Amino acid sequence: MTTTQEQTTQIVDMVTVVIDGFEVSVPKGTLVIRAAEKLGIQIPRFCDHPLLDPVGACRQCLVDIEINGRAFPKPQASCTIPVEAGMIIKTQLTSPVAQKAQKGVMEFLLINHPLDCPVCDKGGECPLQNQAMSTGRGESRFRGTKRTFEKPINISSQVLLDRERCILCARCTRFSDQIAADPFITLNERGALQQVGIYENQPFESYFSGNAVQICPVGALTGASYRFRARPFDLVSTPTACEHCAAGCSMRTDVRRGKTLRRLAGDDVEVNEEWNCDKGRWAFKYATAADRLTEPMIRDESGELRVASWPEALAAAAAGLQGKRSGVLVGGRATVEDAYGYSKFARVTLGTNDIDFRARVSSDEEREFLAARVVGSSTTYRDIDRADSVLLVGFEPEEESPIVFLRIYKQVRKRALKVTAIASKLSRGNEKLKANFVCVVPGVEAAVIAGQELTANSVILVGERAAESRGALSAVAALADRTGAKLAWIPRRAGERGALAAGAIGNLLPGGRPVVDAPARVDIAAAWGVDSLPTAVGRSSSEIFAAVNAGEIDALVVGGVDPLDSENHHAALIALKQAFIVSLEIRPSAITQLADVLLPVAAVSEKSGSFLNWEGRARSFETAVADSLQRCDLRILSMLADEMGRPIELATVKAAAQELAALGLWDGAHANFAPVSSAAPQSVSGNEALLTSWRRLLDDGSLQEGEENLAGTARKPVVVISPKRASALGVVDGDTIRVSNSHGAIVLPVLVEAIHDDAVWLPRNSRGSHLLATFGVASGALVTVVKD
Amino acid sequence: MAENHDHQIEPMRYDLGLEAVHAAPVTKEGPKSFGAQLQGFWVIFRTMFKKVNTVQYPEVKEPTAPRFHGRHQLNRHPDGLEKCIGCELCAWACPADAIYVEGEANTEDHRISPGERYGKVYQINYLRCIFCGLCIEACPTRALTMTNEYELADDSRSKLIFEKEDLLAPLRQGMLLPPHPMYPDMDESNYYKGEVPGSHPSQESASPVNEVNL
């Protein structure tokens, strides 16, 4: 409450200081180094970082300061001193004392810094190199022997530490402590032997370690996957957006000769500040995998896929779809423009509303919830900053939307923001958020949600897994209505919010227009230049599979969907074998094995477009790999629609974006959300337990393939059970136990943690633990837990 | 200036005014005197006794000036490890963008150069190279030098992109073909200071292609 008032109503006190003879007014509390920046005066620095607490570790930013005629006896570190009225500051530009002090510090820093710039990855973009040029001496006076360490050492499989190069600025340790809440890295020893180290007993398993590499002002921390790959002048940099989750990080993609070599966190104060997660930073090799699909293929008479020309493949796809009852499965990874292409293709070309972007466990309740409460809503990161409490429902921020986790943790650290997590298992992320853990039986979250006390200033963050618990989303909507709290739905995949806005779902047309609303249909039909649109509400993805099996749908257009992501994938696979399938994919999958026509599409780095992040904020990006020959989904759908004689007229991404923007948001009545009552709790006896799970950030996801260094920091797959169950089974941490149902079994080491006594937790899609593929379900179902 | 600044555009003139050009009149001077002609023949006669500069290239090849900028060479340490560390400073210095380098990490099992890094891909495009020698100045390990070889003509563009194998110096007496480990009890700084005398027997057993040892 107080923060909101401070930010909105309090008038900020301004302080006027003189820096190098120029007056500047800055808010009270501003650091001298920032006040100087405002004037365009660059003071050299290493440890200073605007998002980390000041520490004054490197001493490079020394300046001469005088207040009311009294000068500080010695130069002061401008990164730790806030401005005060009447300060007269002289930087290296006007004060010989400051200049000499800075040169002295630089000389000290370089004494033990090795002269290995030619082999250092930072060479060419190194603040130490640059400032040694601006502030250092041409020749070293040091004649002694430099301190040496073994180099480099792995602090994790993806981060390498060269202690010789470290200048002890403490940026990495402050980052891991203050931003990521993973204090696994620290400064050991003192004096000349001081060095960055890791705790021996705890592995450095941070999801954010890449940021420490990025903010290291020297080459002490380097990434294993970019090691010795390129120099800055080799790289063509493009501002991009991250395709891995709905957080919507802005990124920078560096490409050398048509190949993405690295990605860095971009700078967006409203979204990711300057951070991103390791998945966004390092998981990009899937686009250059050896098995990338590059040629269109069609299935010939013998049942084998063979390479075909584009006209031939499009003709085959058109022939297979023409006059058939068809459905469209989009997947959660399409850009807004591509999703709009699918949406329009389904309605105009195929004449159906049977389209669903939810390639995961979903429900009809969720679809109604999305239409009524999520389309067009605008809860933002700023709302988390201002919230007096945050309620997490079916959502693990650290695992499912890491930047949301960083944002919540920032407020937890700054002002002890109250976080409440409704879940069956206490996660490490929620421990770090000091969350009030409300332990529930899997499947009956609704009653607990209804009992929460929130204010109008609270924020409810509900994840896509809430759809797995019947009635949970209804309870969340009711809670938001009752308390006036802000509500945000945070899906895991980057394209879901955009696909929702683009109408790639059975009950909505683009812009959140309900399919059942006649004026809305007329609106869109007029804009698209067609006589009418299909009137019946479309099927959901599981209904589409069921309809194929029932012979009600003959053909499917599938883009980026893995059938193993859906509940009851056996039915899905049977359905896929029966239907005529046009698959738009980047790499082989279970779908491409069954496809009748296979059309290769561009990966995110090879196309332009935009995502909507969970806030509904557009995250547009340009083509990073400019010389790619791959076409985006939209272009291919447009060609296919032309081939079928019912064009969608969306030849370019820009055209789609403009058309969608021109349609705008629906200003009519939103669909009513009929609440769904929750299910009765299932009774659990003996060795039975209710399954609960979520996907970890680093797991066997298809976009993380080919990056071994990243996979090395994934958390180890374990089965989590409660102490009570552990003693009943007679197991301790590390013993293996067997979790099974009628479909299959998973054997993993056990970890005894805070979890509901009736529940058992497994990672949903990690090595050795693929729940949907093994059990056919991922949560809320009864499984048997026995000692192996 | 202002009064001269009128906006009238002068119409295009199609006659080029050639008639106004006065050609210099050709004058016939007549034959030179016999003495003057003899003077001319004397020059020819005198030259017959001078040293001939013509070289019967390509049958005869004259050595170039010792610091002539010819084809590049990637040098080796005395034990055969490559001096190139793949730092790309040569590529950075190159004003013609003729050099392409990709670095890679040395491992214990696969050591190409002393230290952490070696050049995995090294290409010089002699269609672009202007032989300025800035790359040589930039090289921090004296890995890249220029030979006096100037015969760089060829019949296809691709043949003029020299790969690392084309540029590497041959193995001399005492050198072993990498990959092989560093000289025992020495590290990269000993290599850079020139303290490695040659290959050590222990390195030989680890070198995969001993028979190439010349």
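Strand β3 (residues 117–125) of chain B is joined to β5(B) by 2 bridges, and the two run antiparallel. Within this pair, I124(B) has F162(B) of β5(B) as its bridge partner. Strands here are DSSP runs of E with at least two residues, helices are runs of H or I with at least four residues, and both are numbered from the N terminus. Two strands count as paired if DSSP finds at least two bridges between them.

This is a predicted model, in which local features need pLDDT of at least 70 and side-chain atom pairs count only at pLDDT 80 or more, while totals for chains, interfaces and linings use all residues. Residues are numbered from 1 along each chain as its sequence is written, and chains are lettered from A and ligands numbered from 1 in the order in which they are written.

The pair belongs to an open sheet of 3 strands in chain B, with the order β2-β3-β5 and antiparallel pairing. β2 (99–105) and β5 (161–162) of chain B each have a single partner strand, so one side of each has no neighbour in the sheet. Chain B has 6 helices and 5 strands, and from the N terminus on they run α-β-α-β-β-α-β-β-α-α-α. Of the 214 residues in chain B, 23% are buried; a residue is buried if 20 or more other C-beta atoms, placed from the backbone, lie within 10 Å of its own, exposed if 12 or fewer do, and partly exposed in between.

Chain A holds an open sheet of 7 strands with mixed pairing, in the order β16-β15-β28-β27-β26-β17-β18. Its edges are β16 (305–307) and β18 (355–356) of chain A; each has a single partner strand, so one side of each is left without a neighbour in the sheet. Helix α8 (residues 310–321) of chain A packs on this sheet, touching β15 (297–299), β17 (326–329), β26 (555–559), β27 and β28 of chain A, and its direction makes about 130° with that of β28(A). Such angles run from 0 to 180 degrees between N-to-C directions, and axes are lines fitted to C-alpha atoms, for helices over the stretch in contact.

| Strands | Sense | Bridges |
|---|---|---|
| β27 (580–585) and β28 (597–600), chain A | parallel | 4 bridges |
| β32 (719–721) and β34 (745–752), chain A | parallel | 3 bridges |
| β33 (736–740) and β34, chain A | antiparallel | 5 bridges |

S583(A) stands opposite L598(A) in β28(A), and I721(A) stands opposite V752(A) in β34(A). β33(A) and β34(A) form a hairpin with 4 residues between them.

Helix α9 (residues 336–349) and helix α23 (residues 653–663) of chain A pack at about 75°, with axes 9 Å apart. The two are therefore roughly perpendicular, a term for angles of 65 to 115 degrees; under 35 is roughly parallel, over 145 roughly antiparallel, and the rest oblique.

The largest nonpolar core has 241 residues, and V393(A), I460(A), L461(A), V476(A) and V760(A) have the most contacts inside it. A nonpolar core is a set of buried Ala, Val, Leu, Ile, Met, Phe, Trp, Tyr and Cys residues joined through C-beta atoms within 7 Å. Not counting residues up to four places away in sequence, L461(A) touches V390(A), L391(A), L392(A), F395(A), V404(A), A488(A) and I490(A); residues are in contact if their C-beta atoms, placed from the backbone, lie within 7 Å.

Note on methods. Contact = placed C-beta atoms within 7 Å.
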